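Work through the exercises below with the sequence and the coordinates at hand. Each task is followed by its solution.

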Amino acid sequence: MPALVHKTLRDYRRSVIGWLIGISAFLSLYLSIYPSIRNNPEFYQQAALSKYPGPLKDLMGGLADIASGTGYLQTVVYQLLVPLLLIMFAMTLGTRAIAVPEEEGTLELTMTLPIDRRRLVLERWAAFALSLLAVALVTMVLVLALAAVGGLKVPAGNIVAAHAGLFLIALFFGTLALGLGAATGKRALALAVGGGYAVGGYVIETLGKSVDAISWLRWVSPFHYYLDGRPVFQGWPVGDYLVLLGATAVLAMTAMLAFERRDVGV
Amino acid sequence: MTAVVEAEGLTKFYGRRKGLEDLTLQIQPGEVFGYLGPNGAGKTTTIRLLLDVIRPTSGRATVLGADTRDTAVRARIGYLPGELALEGRDRAHDFLNFMADVRGGVSRGRIDELAERLDADLSIRMGQLSKGNKQKVGLIQAFMHEPELLILDEPTSGLDPLVQQEFLTMVREVRTAGRTVLMSSHVLAEVQNVADRVGIVRGGRLVAVEDVAALRERAVRHVEFHFDAPVPTEAFEGLPGVRDVVVTGASLRCTIDGRPDALIKAAAKFTVVHMVSSEPDLEEIFLTYYSEEAPRARVGA
Ligand SMILES: Nc1ncnc2c1ncn2[C@@H]1O[C@H](COP(=O)(O)OP(=O)(O)O)[C@@H](O)[C@H]1O
Ligand SMILES: [Mg+2]
């Protein structure tokens with residue numbers, strides 16, 4: 001492993017462990033209460049629908065069939081909250097690639113190592129992607145285990161497919177934050193723009209299903225390629241995932257080129 | 001002999017703000033070059049341009065014969081940033097090992113040897129290093145791979161006097177080994193004892209390049225004579241190289257440029273009880289460059 005990737009992974013380790021604990025706690029908490037919902041499906045379905053009326057229901061992904069294992073897993077894990085957490089984690093790491101060390105002033109020494117700028121971005125990206133992959137894999141194993149224990153009756157293959165999507169959407173937004181940081185050197189800007197796109201993209205995709213005025217915008221939302229294929233229900237939406245992966249590759253390449261061109265630390 | 005650092009018309013504007021303008025300079029192998037100027041003169045700008053951290057608005061520079069964009073050449077450079085930032089939970093020796101890994105060429109035990117010489121504690125986490133320790137870690141990473149060129153931006157800031165002496169010894173060793181040093185400072189005193197040549201920048205322009213040995217010969221020196229009886233002022237007036245003559249009773253104060261010969265011979269006509277001669281003060285020469293009417297004609301060398 002290149003020394004810079006190794007060193008960067010070491011720098012990220014604490015953050016990785018912290019987020020892993022947080023997300024795992026969330027998953028354990030929500031998935032462990034499923035048995036009580038399964039035993040009382042009508043009540044919980046009604047409760048969910050009355051708690052989130054109208055457009056809120058759309059924002060929560062429709063809340064269809066929430067008392068079934070599949071519907072519950074989609075609503076509680078894969079619809080909103082876990083993607084949100086994982087995207088926040090990814091964006092935090094993404095800015096730590098270039099923008100944070102640049103603002104701290106520590107990037108200057110790294111840049112005077114015999115590593116060219118593109119490789120510097122690429123190796124920092126690789127360390128970010130590996131860290132994210134580690135969190136995705138561990139949480140996937142956890143979901144598989146909790147789903148089996150809690151009797152959710154979701155095919156393991158669909159959980160793997162949904163979790164792959166989770167990894168890809170977080171990879172996309174983390175790479176976006178990394179790229180914005182590499183292009184501008186500004187952490188706050190990278191987080192604001194990346195976060196704004198994430199929130200806007202989510203709203204457009206979920207509300208766009210029933211609001212015609214914005215439905216044509218859905219294709220620019222990364223969440224379209226994450227949610228539309230409904231992997232928990234239907235398995236791998238290969239085409240959609242390839243779009244996310246392709247967009248991520250374009251962002252990573254743009255990040256390398258943008259960083260190549262500019263002054264650092266001014 | 002190809003220059004180790006060569007800049008030609010090197011210019012950097014930050015937006016409309018001038019950082020450095022039209023720098024043309026050559027630094028030869030084996031020399032210690034002092035780069036002097038007040039704060040905001042353009043020293044850090046020059047150094048960052050040489051390391052390709054920032055890009056020139058116009059002009060060009062080569063370092064060790066290669067374009068500044070050539071990444072491979074950086075393994076042969078040791079760099080100490082002017083605003084050194086070291087953060088994180090890594091311990092200093094882990095960080096240094098990482099730098100050594102990437103650059104290569106660090107012999108076994110070299111890091112510990114330097115740490116001992118500078119009295120640096122490498123077991124401390126990077127984010128918790130004191131200012132002085134930080135600077136020491138910065139110096140160790142700059143010197144450890146025995147680079148052909150050392151670029152040090154205000155290296156002595158934050159070091160206590162004892163460590164400063166050790167640092168200067170290290171710089172002299174580098175020169176003895178035939179390697180090259182570019183070090184910046186805003187005080188001449190820090191570089192005059194190690195530098196072979198000094199360049200002076202002010203307001204983004206190189207206003208002079210001087211040979212330190214030649215400068216020392218030319219430098220003004222304050223001299224005092226005390227005699228056993230009052231002396232006549234006329235006896236010391238009009239002597240070559242003697243200025244600012246003040247006689248009060250039995251003592252004489254004056255400044256001399258260059259050789260003290262004429263003054264000594266004139267004083268020998270009387271009975272000298274006591275004599276004081278200060279070290280040549282290069283600072284005075286530099287103050288004239290720092291002031292507004294710096295003579296442009298002296299650019300060159
Ligand atoms: N990032 C920057 N943005 C705008 N102006 C800058 C920047 N860095 C330096 N300058 C300006 O360039 C000039 C030279 O600065 P610098 O090279 O840091 O001087 P020195 O290192 O000699 O103190 C100063 O006028 C400074 O204000
Ligand atoms: Mg400076």
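A contact here means heavy atoms within 4.5 Å. The model is predicted.

**Exercise 1.** Describe the fold of chain B by its secondary structure, its extent and the sequence separation of its contacts.

Solution. Start with the elements: chain B has 9 helices and 14 strands. Next, take the C-alpha trace, which spans about 70 × 45 × 35 Å along its principal axes. Then keep the contacts between residues at least 6 apart in sequence; 69% of these join residues at least 24 apart.

**Exercise 2.** What share of the residues of chain B is buried, and what share of its accessible surface belongs to carbon and sulfur atoms?

Solution. Buried means under 20% relative accessible area. Of the 301 residues of chain B, 50% count as buried. The accessible surface of chain B is about 13700 Å², with 48% belonging to carbon and sulfur atoms.

**Exercise 3.** Classify the ring pairs Phe43(A)–Tyr44(A) and Phe225(B)–Phe227(B).

Solution. Rings pair if their centres lie within 6.5 Å; planes under 30 degrees apart count as stacked, over 60 as edge-to-face. Over all chains there are 17 aromatic pairs. For Phe43(A) and Tyr44(A), the centres lie 5.1 Å apart and the planes make 80°, an edge-to-face pair. For Phe225(B) and Phe227(B), the centres are 6.0 Å apart and the planes are at 15°, so this pair is stacked. Both Phe225(B) and Phe227(B) are buried.

Methods
Residues numbered from 1 in each chain as written. Chains lettered and ligands numbered in written order. Predicted model: local features only at pLDDT ≥ 70, side-chain atom pairs only at ≥ 80, totals over all residues. Heavy atoms only, no water. Helix = DSSP H or I, 4+ residues; strand = E, 2+ residues; numbered from the N terminus. Buried < 20%, exposed > 50% of the residue type's maximum accessible area, 1.4 Å probe, protein only. Areas by Shrake-Rupley, 256 points an atom, 1.4 Å probe, with all protein chains shown as cover.
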